[in-house]
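Dear colleague,

My notes on it follow.

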Amino acid sequence: MDGYPLLEGESRPKQEGRSNFVVAYALIASICSAMSGYSSGVMSGAVLFIREDLNINYIQEEILLGSLVLVSLVGTIVASLVADTVGRKKSMLVAAIIVLFGCLLMGLAPSFWVLLLGRIITGIGYGFSFMVVPLYIAEVSPPEIRGRFLSFPELFLNSGILLGYVSSFCLAKLPVFISWRLMVGLGALPAIILAFGISIIPESPRWLVLQGRINEAFSTLILTSDHESEAEQRLNDIIVAAGNKKHKDLASAGDAVESTDHKLHNKMSDRDQEAGVNLAGTDHKHQLRHVWLELLWPTTSNLRFTLFVVLGLQFFQQATGVCVLLYYSPDIFQKAGFHSSSGSLGATVMVGIAKDVSIPVATIFLDRIGRRPLLLLSNIGVTVSLLTIATRFSVQAIYPNSTLHGYLTIAACCSFMIFFSMGFGPIGALLPSEILPLRLRAQGMGLSTAFNRCLSGILSLSFLSIFKAFGAAGTFWLFAGMSSISIFFLYFFVPETKGRTLEELS
């Protein structure tokens, strides 16, 4: 470390390459999202062959497709507890092990019920990754580039979904008994890769501070900051945000950087001792109970507003029907006129590609133009796309044999995915991890993710029944109406968080 004293007005030189560690950490953590994305995407195509091989009906199909999302609700709740108990890093390892076991069980399943059990196990791992990955990346990233890195999980999730679509398309020509088993079994590969990758990334510095492990937190921050003084300041902010008054005074007194490596090490060791008493010495069960009480029965207007924004964002994200287009695209395209399996799967792959190519927009512009403008643009595009799909199905009764309307459905679905993935998708996970207070962040993210997964699961489990009851046009008019309402919610209630530290926001 650069321990020389600074002259007045002089700044410590930038340590080149340190922020590159954040890129590596975010990429490895995001493999967890790719693993979950593959499990989501592959089943939409595999179910066409499972239907034939295991002779399942449409109710069983709904249960099979929707169970992953609904059971992920359990995964997110458990993950919020595990992430605070053993850390963010080990929670991702747990997700990898669960998904690995679930995928292998599905690939070897002799019956529908064993297949469903494997799907349920995979769903628990899916819930873990959905909650822990954005939490981890938010906590290791510097504020000025946090938005860029928090778009990685969405990029990897979409890439995993696309790989699932492509896998279904490429393996469709194999014998039915083998094809779907290979499709779902291949989901074990990213879980294996993630299990090895986890070993080389550090733990979240914010979680380490809450455990009183200040030296370890500083070691991570020094790798993800451009200057030692920046790492010092970020550490001080985290300690203050942890809510301990005695340690807050220590943090304020420690703003100046020591003149030698030895002094800096001693100071951090002293911090570690005091923090170990003040932060880690609290009874964990009592603290956990207090956190959940505060979340479920908030007593301050600021926290009530924060939860209103967080849960409202999750509600309107799912109310657009995104999970329907992810899981039931082949069925929708068959309804639109693409009756063969290869035709509907090919159209689904196009939707997956459209979903992937728009993610760099979020990566580039989240930290440039901000969250709010990108979110509003995304939502307006999603609404127009849904209106187009609804209108197309309404007109189908007049011109039932026109292939033009089939291609219009593909174009509108691709447009939906492009606009959703450039804003609504990544920001839905990013914003809660930014605006929730540190002491409530893990459980708050668990609550947010559980609410999101619950809504997605309800839609996934009931879509085919709704589709049969209201028809394609009625279903998409409903989604378009909810998406239109969400524009007003986003405009009036969602705050801008660009460039502000997590401690400042909380």
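Where is Thr320 found? The model is predicted, and in it Thr320 sits in the loop between α15 and α16 (322-327). Thr320 has a relative accessible area of 0% and is therefore buried, the cut-off being under 20%. Leaving aside residues up to four places away in sequence, Thr320 touches Val382, Leu386, Phe416, Phe420, Phe424, Phe479 and Ser483.

A second point concerns the surface. A nonpolar patch is formed there by Phe305, Phe308, Phe488, Tyr491, Phe492 and Phe493, and together these residues have about 670 Å² of accessible area. The largest share comes from α22, with 4 residues. One of the residues in the patch is Phe488, which lies in helix α22. Phe488 has a relative accessible area of 56%, so this residue counts as exposed, for which the cut-off is over 50%.

Finally, I would draw your attention to helix α7, which spans residues 176-185. Which residues of α7 are buried? They are Ser179, Trp180, Arg181, Met183 and Val184.

With kind regards

Note on methods: Residues numbered from 1 in each chain as written. Predicted model: local features only at pLDDT ≥ 70, side-chain atom pairs only at ≥ 80, totals over all residues. Heavy atoms only, no water. Buried < 20%, exposed > 50% of the residue type's maximum accessible area, 1.4 Å probe, protein only. Helix = DSSP H or I, 4+ residues; strand = E, 2+ residues; numbered from the N terminus. Patch = residues over 30% accessible without salt bridge, like charges linked within 9 Å, V, L, I, M, F, W, Y side chains within 5 Å. Areas by Shrake-Rupley, 256 points an atom, 1.4 Å probe, with all protein chains shown as cover. Salt bridge = Lys/Arg side-chain N within 4 Å of Asp/Glu carboxyl O. Contact = heavy atoms within 4.5 Å.
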